[in-house]
Amino acid sequence: MGRSRVCAAGGARLPRAGPARRRYCSGACRAQAYRDRQTSGRIIAVGVLTAETEATGDAELLERLLCPVCRQPVLPGGRRRKDARYCSGTCRTRAWRHRRLPLEDREDPVLATVTSTRHPKTQGATQ
C-alpha cells in the first residue's frame, strides 16, 4: 500500500475516502492554517518595518509599531483592527487604567510588570 496521508495543519490522519488532493482533516484545520499563514506574514512585515525604522532613525514610525505599554510589536490585521495601538487587551486595559488615574497618582512610564500569558514574563519595567 502507499504512505498514509496526514493533515498539513494538525498531523492527524486524513480519511481514506476523499479526494487525493485533500490536505486538511477538517474545515477547522484549514482555517487555522490560513490564520497561521496570515500571522506569519504580518510578523515578517513588522520585523522588516522595525529594522527599516531603526536603520533610518524614524522614531515616530517605530513608536507606532510597538505597544506603548510593553514595547512588544503590534500585529494589526487578521482578527484585530488595522489601526490597533496595543498588542493585547491586557495592555489596552492597563493603559486605560493609567489614563483614568488622577495626575498626581500616575507613575511614569506606563510600563509595568506583565503578568499576561501572551507576553514573556518580565521583572519590572524595561525599555
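Predicted model: local features only at pLDDT ≥ 70, side-chain atom pairs only at ≥ 80, totals over all residues.
Helices here are DSSP runs of H or I with at least four residues, strands are runs of E with at least two, and both are numbered from the N terminus. Ser-88 is buried, at 6% relative accessible area; buried means under 20%, exposed means over 50%, and partly exposed lies in between, for a 1.4 Å probe and protein chains only.

A polar atom of the Ser-88 side chain lies 3.3 Å from the backbone nitrogen of Cys-91.

## Arg-71

The loop between α2 and α3 also holds Arg-71. Arg-71 is not a glycine, yet its phi is positive, at about 65°. Most residues other than glycine have a negative phi. With a relative accessibility of 26%, Arg-71 is partly exposed.

## Leu-65 in helix α2

Leu-65 belongs to helix α2 and is buried, with a relative accessible area of 10%. Apart from neighbours within four places in sequence, the contacts of Leu-65 are Leu-49, Thr-50, Thr-53, Gln-72, Pro-73 and Val-74, where contact means heavy atoms within 4.5 Å. Gly-47 is 18 residues from Leu-65 along the chain, and their C-alpha atoms are 9.5 Å apart.

## Helix α1

Helix α1 covers residues 27–56, 30 residues in total. From its first C-alpha to its last, α1 reaches 44 Å, close to the expected 44 Å; the expected span is 1.5 Å times one less than the number of residues. Just after α1, Gly-57 has a positive phi of about 80°.

The buried residues of α1 are packed against α2. Cys-29, Ala-33, Arg-42, Val-46, Thr-50 and Thr-53 are buried in α1, and both Thr-50 and Thr-53 are in contact with Leu-65.

## The chain as a whole

The protein chain contains three helices and zero strands, in the order α-α-α along the sequence. Of its 127 residues, 24% are buried. Where contacts join residues at least 6 apart in sequence, 25% of them link residues at least 24 apart. The accessible surface, found by the Shrake-Rupley method with a 1.4 Å probe, is about 9,700 Å², and carbon and sulfur atoms account for 52% of it.

## Basis of the values

Residues are numbered from 1 along each chain as its sequence is written, and side-chain values use heavy atoms, leaving out hydrogens and water. Local features need pLDDT of at least 70 and side-chain atom pairs count only at pLDDT 80 or more, while totals for chains, interfaces and linings use all residues.

Conventions:
Polar contact = N/O pair within 3.5 Å; in protein donor to acceptor, adjacent residues only side chain to side chain.
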